[in-house]
Amino acid sequence: MSDIIQLLPDHVANQIAAGEVVQRPASIVKELLENAIDADASKIELIVRDAGKNLIQVVDDGKGMSETDARMAFERHATSKIRGTEDIFKIATKGFRGEALASIAAVSQVELRTKQKETNIGTNIYIEGGVFQFQDPVQTSDGSNFLVKNLFFNVPARRKFLKNNNIEFRHVIDEFQRVALAHENLEFSLFHDDEPVFRLRKGSQMQRIVDIFGRKLQPQLIPIKEDIIWCKLHGFVAKPEGAKKTRGEQFIFVNGRFFKSPYFNKAVQEAFEGLLLPGYIPTFFLFLELDPEKIDVNIHPQKTEVKFEDEHLIFALIRSTIKRSLGIYNVAPSLDFEKDPQLDELMQKTFPSKGNSGGIIKMPEIVVDKDYNPFLEERGVRQAEIQNLAEMYHQNISAEPSKINLFEDEDFDEDLMRLPNGYWLFNKGDRTLMLDLGRMHRLFVSENSKPTKKGATNSHALLFSLEYHMNEIEKNKYKSIKKYLPELGFDMKVAHESVLRIDAVPEGLKETQVMKFLEDLFEVLEYKTEEEFAQYYQNQWTKMQSKSRFDFIYKKDAEQLIKDFTALGFPEFLPNGKRCFYEVPFNDFKNKF
């Protein structure tokens, strides 16, 4: 029998390895940005086109590479970061595996221009599909300039599984943010389709967070800091009002490296226990500094998983530090463990109380004369007049109470009754049903709007325009959906820089709901396509209208809605499977008596 096991060609092995390192354009962005940081760059520029599908370019002013290093950098397991096995357990750089550039070159067309500061001329190298094409001398600036073109051009099966540009670019922004947040001492720029998205200056951590997520986040941030022998923790957490229902602004770093940890996220959640509504997630930016030998980042090629030697101690450190900061800034009650025990003794010696040898201070008392009446002395009001006023008062309050009932009609219908929790009880034949009028109205509206032709929603102009301050991410989302807004009833435009001016809103949307509605809109648009937006908006708008309309409703309106709902056949479920009503099991209640 002939042998069947054989070595794979290098280009095939590289394409297989690229499946773990290069999953989408954002994966390349992460690797190239981290390489620029390892090269001691002070200014890094990221340029992408078509969300990175056709071009990802990273330009830095770092150390650059020699002619030989530029060629060796694209070989598998070639790296300048480590030399031996012992170096794996004290890694201080972002990259170290030596797999990234080889994997990137295997599934794209890569061009590198690089030059060291001490040389007069640089080198230009071009690799296509993992196959070396040429290397020539070139005149270029100090540092490195990587151009990755036509991602997955030779693996069409991988390319067709990429999402649309909005989703892929959102992933690119995620990776850009993670790198930029951890290195506030560097300048970063991001351009998409020749449009500037971010221009981040050097500064403090607070400045970097505000530059990325907008000024509206700044008043909500609370600094946290703890410095112990084996670990340093610093960063910011947002006040409870900055919490959101979706994950997004939760960042945790160790030694400048972003990583994901549901375990440490739980520590933050526990620190906010009792301060957040169910389902809300706090916003936080946490930075850990530990001895590299205490952690292991060599878990996965993407390097977003980290193992800690003292995981439980770090959990307790994060939770207690955040709780203390929330107490200091009067967000949550806090026990004062740093109170000076000598303070009471000093107070007793300074202010001794009379007739008390123990030095215990007796609180002063206020004596009030209950019989004193200033009207008798100053205004000469006679006691008889006061008595007459008292009698008149008692006569008035003894009158019969008003029969006006703001919540029910006078001819009370026993078949329909409002419950304190906002639901209604309705006797339908021999059954008693608990109704959710909001869901019933939603179904009624959706059923009646099916045959009608789609048209523009009515809007009403605001007396005073509202201003919504957008961060760079929200500006990008706004650009992708602004063409839909006029037909939905909104009249808004970018007034200047990052300010969105709202002049008109759809009828039925309260002025106090506009800002919250926009925040929810941008929040949910994280990974939605433009085609999905219109359907989402319609569902969200119908839900908000139903909720606001049925917070309070008169009984006659409820009766009319039940009549309309009955004409539909009194369906029990919405299209999404939620119930419009439940039958109340009164027979089961009888057994309890």
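Figure 1. Ile229 is exposed, with a relative accessible area of 89%; exposed means over 50%, buried under 20%, and partly exposed in between, using a 1.4 Å probe and protein chains only. The residue sits in the loop that joins β9 (221-227) to β10 (231-238). Helices (H or I, at least four residues) and strands (E, at least two) are DSSP runs, numbered from the N terminus. Together with Trp230 and Leu313, Ile229 makes up a nonpolar patch on the surface, and the three have about 360 Å² of accessible area. Areas come from the Shrake-Rupley method with a 1.4 Å probe, and for residues only the protein chains shown count as cover. Patches are made of residues with over 30% relative accessible area and no salt bridge; like charges are joined within 9 Å, and nonpolar side chains (Val, Leu, Ile, Met, Phe, Trp, Tyr) within 5 Å. The model is predicted: local features need pLDDT of at least 70 and side-chain atom pairs count only at pLDDT 80 or more, while totals for chains, interfaces and linings use all residues. Residues are numbered from 1 along each chain as its sequence is written, and side-chain values use heavy atoms, with hydrogens and water left out.

**Figure 2. The whole protein chain.** The chain contains 19 helices and 22 strands. Of its 593 residues, 42% count as buried. The chain exposes about 35,400 Å², and carbon and sulfur atoms supply 51% of that area. A contact means heavy atoms within 4.5 Å. Among contacts between residues at least 6 apart in sequence, 67% join residues at least 24 apart.

**Figure 3. Helices α6 and α14.** The axes of α6 (residues 165-182) and α14 (residues 472-481) come within 12 Å and cross at roughly 175 degrees. That angle makes α6 roughly antiparallel to α14. Axes are lines fitted to C-alpha atoms, for helices over the stretch in contact, and angles run from 0 to 180 degrees between N-to-C directions. Angles under 35 degrees count as roughly parallel, over 145 as roughly antiparallel, 65 to 115 as roughly perpendicular, and the rest as oblique. On the α6 side, the residues that meet α14 are Asn166, Phe169, Arg170, Ile173 and Gln177. Their partners in α14 are Ile473, Asn476, Lys477 and Ser480. An α-helix has 3.6 residues a turn, so residues three or four places apart point the same way.

**Figure 4. Helix α7 and Phe213.** Buried residues in α7 (residues 205-213) are Gln205, Arg208, Ile209, Val210, Ile212 and Phe213. After the helix comes Gly214, with a positive phi near 100 degrees. Phe213 is buried, at a relative accessible area of 3%. Beyond its neighbours within four places in sequence, Phe213 is in contact with Gln177, Leu181, Glu249, Phe251, Phe285, Asn471 and Ile473. Phe213 and Glu472 are 259 residues apart along the chain, yet their C-alpha atoms are separated by 7.0 Å.

**Figure 5. Ser498 in its loop.** Ser498 lies between β20 (491-496) and β21 (499-506). With 16% relative accessibility, Ser498 counts as buried. Leaving aside neighbours within four places in sequence, Ser498 is in contact with Tyr468, His469, Met470, Glu472 and Lys475.

**Figure 6. Glu293 in its loop.** Glu293 is found in the loop between β13 (284-290) and β14 (295-296). Its relative accessible area of 52% makes Glu293 exposed. The C-alpha atoms of Glu293 and Phe308 are separated by 9.5 Å, and the two residues are 15 apart along the chain.

**Figure 7. Salt bridges.** Side chains of opposite charge can pair when their charged atoms come close. A salt bridge is a side-chain nitrogen of Lys or Arg within 4 Å of a carboxyl oxygen of Asp or Glu, and the count by this rule is 18. Arg319 and Glu270 form one of them (2.8 Å, N to O). Arg319 lies in α9 (residues 311-328) and Glu270 in α8 (residues 262-271), so the pair ties together parts that are 49 residues apart in sequence. Arg319 is partly exposed at 30%, and Glu270 is partly exposed at 23%. A second pair is Arg113 and Glu111 (3.2 Å, N to O). Here Arg113 is partly exposed at 30%, whereas Glu111 is buried at 10%. Glu111, Arg113 and Lys149 are linked in a network of salt bridges.
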